[in-house]
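Let's take a friendly look at how two chains meet, and at how one of them is built. Have the viewer ready and follow along.

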Amino acid sequence: MSEAAAGRRTAPVAAGPGLPPEDLPKIYRTMLLARLMDERCLSLQRQGRIGFYVPLQGQEAAQVACAWALEPTDWVFPAYRELGIALVRGIPLTTLFDQFIGNAGDILKGRQMPNHYGSRDHRFVTASSPVGTQIIHAVGAAMAAQRHRDPIVTITFFGDGTTSSNDFHSGLNFAGVFHTPTIFFCQNNQWAISMPREHQTRSETLAVKGTAYGVPGVVVDGMDAHAVYRAVREARSRALSGGGPTLIEAQVYRLGPHSTSDDPKRYRTDAEMAEWRARDPVERLKGELVRSGQLTEADDEKLKEELRTEIGAALKQAESTAAVDPLTIFDDVFAVRTPRLDAEREELRPYSAPGSGGHP
Amino acid sequence: MTEITLVQAVNQALAEAMRADPDVLVLGEDVGVNGGVFRATEGLFKEFGADRVVDTPLSETGIVGAAIGMALYGLKPVAEIQFVDFIYPAFDQIVSELAKFRYRSGGQYPCPVVLRSPYGGGIKGGLYHSQSPEAYFAHTSGLKVVVPSNPADAKGLLTTAIFDPDPVIFLEPKRIYRSVTGEVPAGEHRVPLGVAATVRPGTDVSVFAYGAMIPTVLEAAASLEGEGVRTEVIDLRSLVPLDEEAILASVRKTGRAVIVHEAPRFVGFGAEIAAILAEKALYSLKAPVKRITGFDTPFPYALENLYLPSPARVAGAIRDTAKEG
């Protein structure tokens, strides 16, 4: 935070305008939706209605403002904590709930843990759990876009811990060498499960790690939606004008646990959490809207009700959707099932119906 | 028809696929200006340029990961891993990403990447230029694994692999890159994946092998002719998908099976063939199944010719198996 406040960076961010003022209510609405969705999903996991959840609380501004700076034709290579990006891309809430439940409506066909969604229609590539693997994919896709002369950028999301992974370095190196139109968007949320940022690397910033690869690095205050938007817009136009990749380090804070399997009280202090909670990015944008007269407390309460109803309706629909067809286990291993997979499918069939003894 | 080497056949398949489809491209270490350390990509840089014959930094993770990104976007990348012994840094990309993309996305993101790589011993390459890691990849659901044994198959299987909608690990037997020549059909030539070839018909013993072991097995089989042992040799050609029907049909005829590969025996690909025979052809067997393979040691440098199955060792196993029962 102090680094961002001091404007320390390896490449300048133009002091251009922030978010388009007319978009602010919609941006706030999306950030709030992400926050309320997050709260709901944490409680659904505790009730056993979804198996697992990875919250994003504290990272709403970084994500929503970043995605706001992209175009629908850009390709997103997310990690598993990118709800704010998914919402801006237009992935419907029911699609998300279908995935969290793994029902027959899930476009991933019940194959993945919650949060690992992806939607080709939204150019939001399906995530995996190993950290950093997606980084180099974004570079490869950008090389393909260069070859097709498509005026798009690819953007990849990851956290502070991932900057220690092999693929982070391979990805930055390839992007530097091939000068790809790629944005590396690092959400430094200060904690990689229990490992604090300062134990992850002795590097002064994460952004500076781009320098040796010839990739400009930028540090921004990720709690400030305007700053994030500006940095991403600038990186995007640089990429499109042939200026190559950019590494953006958005300094944020993971207000919640790493996942529903994590208890942050084991490794961080209440005082630290309170300090960051005071900088809550959702409250910050709300304050701006209130001060400018675009939002009242009453409006805000009404908006929250509206969003909770929207979430509830999507959840209800997803919970009433049928279970995934058991025999789809064998699909999509290959484009066409091999004889071996066909045989295994027949082996499972007698045990696959509810009540057959093989079904959970 | 002209006689060319196996590595020339690989080159021909690449060049013709690139001429046929502008979305096919090649990437890897030293594949461009240098034409590849084994010359598999010779001439491609000159014909297709740096855009489509991409010299990459020295990072297998980067090569495979970038190829995945290209394939997601719609290209058909053919990545070269200079020696398969160096593929392990990319293991995560191959196992966690390449193999699973189609499945984990519910079919939204096919990943048609071909990873070509020279494998196997017999070139004085020691531990790190000789390995046969096919079992790792065959064990990973979502990957196809192909191993040609002659120039015509190398061209036909590679062409099919490039236009296949799924990821293919294409292992090239470098020991016979140049020592084996053969006629190769001119123009587009495709050999389907999952169809084994009977390279020598016989009635007494079935031998199942692939890649660089085929010439070794054929030599062993020929050496037993004088003893009246009629050996059938099946070249599996593709390990995934596997032509189980061809394996079973041969054993139902001969009742005897010998499996040959260079990789270590324990949990090697031969174990799967033996298991298939135990499950589906036990009552056709007149003798125990034998495996002649590399030993359960790292690959030795000075003693590689003892480590690798030799014609004599294979012939011994065939002879013993023919006498049993």
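## The fold of chain B

How does the radius of gyration of chain B agree with that of a compact globule of 325 residues? This is a predicted model, and in it chain B has a radius of gyration of 19 Å. A compact globule with 325 residues would come out near 20 Å, so the two agree.

Along the principal axes, the C-alpha atoms of chain B fill a box of roughly 60 × 40 × 40 Å. Twelve helices and 14 strands make up the secondary structure of chain B, and 62% of its 325 residues are buried. If you take the contacts in chain B between residues at least 6 apart in sequence, 82% of them join residues at least 24 apart.

## Where the chains meet

Now turn to the interface. Here 44 residues of chain A are in contact with 46 residues of chain B. The buried area between the two chains is about 3,600 Å², with carbon and sulfur atoms giving 61% of it. On the chain A side, the residues that lose the most area to chain B are A:R120, A:R147 and A:F334, which together account for 19% of what that side buries.

## Polar links and the chain A side

Three salt bridges cross the interface of chain A and chain B. A:R147 forms a salt bridge with B:D51, where the closest N and O atoms are 3.9 Å apart. The interface also holds 20 residue pairs in polar contact.

Among the elements of chain A, β1 (75-77), α6 (133-148) and α7 (166-178) each supply at least two residues to the side that touches chain B. The most comes from α6(A), with ten residues. By class, this side of chain A has 21 nonpolar, twelve polar and eleven charged residues.

Definitions and conventions
Residues numbered from 1 in each chain as written. Chains lettered and ligands numbered in written order. Predicted model: local features only at pLDDT ≥ 70, side-chain atom pairs only at ≥ 80, totals over all residues. Heavy atoms only, no water. Contact = heavy atoms within 4.5 Å. Buried area = accessible area lost by both parts, 1.4 Å probe. Salt bridge = Lys/Arg side-chain N within 4 Å of Asp/Glu carboxyl O. Polar contact = N/O pair within 3.5 Å; in protein donor to acceptor, adjacent residues only side chain to side chain. Helix = DSSP H or I, 4+ residues; strand = E, 2+ residues; numbered from the N terminus. Nonpolar A, V, L, I, M, F, W, Y, C, P; charged D, E, K, R; others polar. Rg over C-alpha atoms; globule rule 2.2 N^0.38 Å. Buried < 20%, exposed > 50% of the residue type's maximum accessible area, 1.4 Å probe, protein only.
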